[in-house]
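Open the model in a viewer and keep the selection panel at hand. The stops below go from strands to surface to backbone.

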Amino acid sequence: MPGITAYAAIYEVDSPKKGDYVFISAASGAVGQLVGQFAKLLGCYVVGSAGSQEKVDLLRNKLGFDDAFNYKEEPDLDAALKRCFPDGIDLYFEQVGGKMLDAVLLNMKVHDRIVVCGMISQYNLSEPGHLKNIMQIAFKRLSINGFTHRDYHHLYPKLLETMLPYIREKKIVHVEDNVEGLENGPAALVGLFSGRNFGKQIVKIYHK
């Protein structure tokens, strides 16, 4: 699922152009890390946000992002984005929503694009948060595409054709968070919502 989601985002929903400035929220997650690496292979400048310094280091040092920041340590997300994108964002891959999306809307370039895969900050709220900067969509004439992996599973052969050579050539790295034993599954699931995992959370179950 993470692979087909990332592939569809980059190669089907809105393929970035060489030289585009791309921002990815929740970038160290299973989907975000692949979206960023695909965008780099297409010649983009890629910045990601994550929730810890360890994840920021992972993005910069192992996954090849041009820059990254810890959103939990940024008192002003608008200022953080302006620091990373002084000339604005061409393409935003949205996985967080809420305050992050509000800040991104202020930093998009005119006539550019947002691809919406998810909004994890909103999933468990009793009432969704409200956007303050939504009029930027009109002012900047932004294009927003929402999508889900469910519409793209027929492209799985193309995903393998594209991705497997990149993995063999070490042009793409995928990071998983593995725990062993079904008894550790509940804690691993809860950890997803506090950002404890690195990449896709896997629970390994062994049969004797």
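Strands (E, at least two residues) and helices (H or I, at least four) are DSSP runs numbered from the N terminus, and two strands pair if DSSP finds at least two bridges between them. This is a predicted model, where local features need pLDDT of at least 70, side-chain atom pairs count only at pLDDT 80 or more, and totals for chains, interfaces and linings use all residues. Residues are numbered from 1 along each chain as its sequence is written, and side-chain values use heavy atoms, leaving out hydrogens and water.

Select β1 (residues 21–24) and β2 (residues 45–50): the two run parallel and are joined by four bridges. Tyr21 has Tyr45 in β2 as its bridge partner.

Next, pick Ala26, in the loop between β1 and α2. Its phi is positive, about 50°, although Ala26 is not a glycine. Most residues other than glycine have a negative phi. Ala26 has a relative accessible area of 28% and therefore counts as partly exposed (buried is under 20%, exposed over 50%, partly exposed in between; 1.4 Å probe, protein chains only).

Move to Lys170, in the loop between α7 (156–168) and β7 (176–180). Lys170 also has a positive phi, near 60°. Is this residue buried or exposed? Lys170 is exposed, because its relative accessible area is 70%.

Finish at Ile134, in the loop between β5 (108–116) and α6 (136–139). Ile134 is partly exposed because its relative accessibility is 46%.
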